[in-house]
Amino acid sequence: MNKQPAVTEQTRANLREAFWSLYLEKPIDKITIREITDRAGYNRATFYLYYRDVYDLFGQIEDEVLEGVRALVDEELLRDRTLDISQHMGRIIQLTQRNGYALPHLMGPHGDPGFSQRLKEILAPLFDRFILDGQDLTDQQRAIMREFYASGVLAAIGTWMTAADSMPVDQLVELIVGALLAR
């Protein structure tokens, strides 16, 4: 049993921060545990208390980000009876901002392609229920349109997150909502 959860969480946060600072400099396969622990100010044994290797650390970060999105979609957004796409988009974007340190890199060109696919699968029920519902589409057409909307929304959010002078969130939501509803 962990007697100091605040210390444990701070240690994990420090190791993650060290990892991300290295990940911005070079590919994951070039990052060593020694570099992470040196940068975070810990020894290798401390790293192994929390992670098996660099890929395990990376995977845990991905899983936590995806779990946050899944909770938002399942526990809140899908419970709504009607479409309020501005509110839904705003809440998804706020969640991406909370994970802002990681999300542009997870979705970016050097990220894991599987991450974006898993994120799309989590968002798919929103598109099915609020955008595609009631449309006379074959299964193939529905899958194509779901991919179209999910890819577009994620690409727009990714571009916005990496822009040096990003527009305010409300303007981004207005832009995306306008595009989604222009069907």
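Good morning. I begin with two helices: the axes of helix 7 (residues 113-130) and helix 8 (residues 139-162) come within 9 Å of each other and cross at roughly 115 degrees. This is a predicted model, in which local features need pLDDT of at least 70, side-chain atom pairs count only at pLDDT 80 or more, and totals for chains, interfaces and linings use all residues. Residues are numbered from 1 along each chain as its sequence is written, and side-chain values use heavy atoms, with hydrogens and water left out.

Helices here are DSSP runs of H or I, at least four residues, numbered from the N terminus. Axes are lines fitted to C-alpha atoms over the stretch in contact, with angles from 0 to 180 degrees between N-to-C directions. Helix 7 and helix 8 are therefore roughly perpendicular, a term for angles of 65 to 115 degrees.

In the contact (heavy atoms within 4.5 Å), residues of helix 7 including L119, L123 and F127 meet residues of helix 8, among them Y149, A150 and V153.

I turn now to the aromatic rings. Rings of Phe, Tyr and Trp (its six-membered ring) pair if their centres lie within 6.5 Å; planes under 30 degrees apart count as stacked, over 60 as edge-to-face and the rest as tilted. The count comes to eleven aromatic pairs. W20 and Y23 have ring centres 5.1 Å apart and planes at 80 degrees, so this pair is edge-to-face. Both W20 and Y23 are buried, meaning under 20% relative accessible area with a 1.4 Å probe, protein chains only. Ring pairs also link F19, W20, Y23 and F58 into a cluster.

Thank you.

Technical notes: Parallel < 35°, antiparallel > 145°, perpendicular 65-115°, else oblique. Buried < 20%, exposed > 50% of the residue type's maximum accessible area, 1.4 Å probe, protein only.
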